[in-house]
Amino acid sequence: MKITCFVATDDGGSRFGEIDVPLMNEHRDAEGNILMASNSYDSPGVCFIELPADLEQDWHQAPARQVVLVLSGTIEVVTTNNDGRHWSKGEVFIAADVDGRGHRTRAIGGPVLLMFAPLPETFSMEVWSAA
């Protein structure tokens, strides 16, 4: 499963990247179906946030490295190299630009409901995404 991630760059900016989270842990459900899962992690504090319809945030850093799931609406994120991307209901990204200038955020076409699942301080995305 590929997930877009935005990170801080060495020059204090930000950029988009992508990680591949393998679904390699096999589980069987009660009906015998084989379910494939990623490695799990313990989040220090999952929360839900509603962004107002007119939200336009100037440059800011992510408060923590976190997985973000869009529950409703559409969100736009722009990095310092002026690359912009949109995510809508059911899509996920990782905000990891906790240093540097950060990114800009905008709600598109109405309010946006998000779920934030912070990653632990010691969490390694490289190990998580290793096959």
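**Contacts, cores and salt bridges**

Let me start with Phe-6, which touches Arg-15, Phe-16, Val-77, Thr-79, Phe-93, Ile-94, Ala-95, Ala-96, Asp-97 and His-103, leaving aside residues up to four places away in sequence. Contact here means heavy atoms within 4.5 Å.

Before going on, the ground rules. This is a predicted model, in which local features need pLDDT of at least 70 and side-chain atom pairs count only at pLDDT 80 or more, while totals for chains, interfaces and linings use all residues. Residues are numbered from 1 along each chain as its sequence is written, and side-chain values use heavy atoms, with hydrogens and water left out.

Back to Phe-6, which sits in strand S1, residues 2-8. Strands are DSSP runs (E, at least two residues), numbered from the N terminus. Is Phe-6 buried or exposed? Phe-6 counts as buried because its relative accessibility is 1%. The cut-offs are under 20% relative accessible area for buried, over 50% for exposed, and partly exposed in between, with a 1.4 Å probe and protein chains only.

Next, the cores. A nonpolar core is a set of buried Ala, Val, Leu, Ile, Met, Phe, Trp, Tyr and Cys residues joined through side-chain atoms within 4.5 Å. The largest has 16 residues, and those touching the most other members are Val-70, Ile-75, Trp-87, Phe-93, Val-112 and Leu-114. Strands S7 (66-78), S9 (92-96) and S10 (103-118) are the elements that each give two or more residues to this core. Apart from it lies another core, of 13 residues, including Ile-19, Ile-94, Ala-96 and Phe-123.

Now salt bridges, meaning a side-chain nitrogen of Lys or Arg within 4 Å of a carboxyl oxygen of Asp or Glu. How many are there in the whole structure? The search finds 3.

One joins Lys-2 and Asp-20, at 3.7 Å from N to O. Lys-2 is in strand S1 and Asp-20 in strand S2 (residues 14-20), so this pair ties together parts 18 residues apart in sequence. Lys-2 is exposed at 55% relative accessibility, and Asp-20 is partly exposed at 35%.

Another pairs Glu-76 with Arg-106, their closest N and O atoms being 2.9 Å apart. Glu-76 lies in strand S7 and Arg-106 in strand S10, 30 residues apart. Glu-76 is buried at 16%, whereas Arg-106 is partly exposed at 30%.

The Arg-85 and Asp-83 side chains also meet in a salt bridge, at 3.5 Å, N to O.

Terms used: Helix = DSSP H or I, 4+ residues; strand = E, 2+ residues; numbered from the N terminus.
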